[in-house]
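Try each task before you read its solution.

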Amino acid sequence: VRRRICDTSSSMASPIRDLAKAILPLRFRPKHLVDRLLEETIRGSVVRGGPFTGMRYTNDGYGVLGPKLCGTYECELWPILQQVLPACFDRFIDVGSGDGYYTTGFALRSRAKEIIAYDGSEDAQRYCRDMAAANHVTPRIRVEGWCNPEDLARELRHGANLRSEEH
């Protein structure tokens with residue numbers, strides 16, 4: 001019985017499938033709903049879910065645009081982000097900031113006074129600045145080039161980076 005109901009070639013499934021195709025407009029069929037949502041998400045360039053929901057996205061995503069815009073990018077980090085974002089750190093240091101996804105996301109969602117983005121790529125630095133500007137968080141973000149051990153040591157000495165002050 002199970003095979004007969006699930007088998008799309010069975011005599012019963014074909015008329016039901018044909019009827020659904022005849023009465024459901026294309027835009028309401030499951031595959032087309034997903035396609036339309038992805039198209040709207042990409043066209044609007046706004047993160048739709050996850051910890052950075054609502055963030056304006058301004059570049060091609062370094063090859064992972066869909067997950068970033070849908071809000072599923074690196075979702076295994078969400079439990080950590082839920083703990084870190086509400087804390088009151090002096091700064092967030094993003095070494096290897098890439099396109100600025102985390103840099104801008106932290107500027108939007110955390111209480112960090114300063115977000116420092118390090119990346120050796122001039123394209124990445126430009127992407128990060130563009131995304132910061134699109135999200136109106138440029139004053140809180142400082143974009144730098146390569147991060148060497150001395151740079152990181154200086155940043156860590158400069159403030160209460162590792163202390164969380166709950167307010």
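Predicted model: local features only at pLDDT ≥ 70, side-chain atom pairs only at ≥ 80, totals over all residues.

**Exercise 1.** Find how many helices and strands the protein chain has, then write their order.

*Solution.* Count: there are 8 helices and 3 strands. Then read along the sequence: the pattern is α-α-α-α-α-β-α-β-α-β-α.

**Exercise 2.** Describe the largest nonpolar core and name the elements that give two or more residues to it.

*Solution.* The largest nonpolar core has 21 residues. Phe-52, Tyr-101, Phe-106, Ile-115 and Ile-141 have the most contacts inside it. The elements that give two or more residues to this core are α6 (101-109), β2 (114-118), α7 (122-134) and β3 (141-144). The most comes from α6, with 4 residues. Now look at Phe-52. Beyond its neighbours within four places in sequence, Phe-52 contacts residues including Leu-81, Leu-85, Tyr-101 and Phe-106.

**Exercise 3.** Is Leu-152 buried, partly exposed or exposed?

*Solution.* Locate Leu-152 in helix α8 (residues 149-158). Its relative accessible area is 31%. Buried means under 20%, and exposed means over 50%. Leu-152 is therefore partly exposed, at 31%. Next, look around it: Val-95, Leu-152 and Leu-156 form a nonpolar patch on the surface. Together these three have about 220 Å² of accessible area.

Conventions:
Residues numbered from 1 in each chain as written. Heavy atoms only, no water. Patch = residues over 30% accessible without salt bridge, like charges linked within 9 Å, V, L, I, M, F, W, Y side chains within 5 Å. Areas by Shrake-Rupley, 256 points an atom, 1.4 Å probe, with all protein chains shown as cover. Salt bridge = Lys/Arg side-chain N within 4 Å of Asp/Glu carboxyl O. Buried < 20%, exposed > 50% of the residue type's maximum accessible area, 1.4 Å probe, protein only. Core = buried A, V, L, I, M, F, W, Y, C linked by side-chain atoms within 4.5 Å. Contact = heavy atoms within 4.5 Å.
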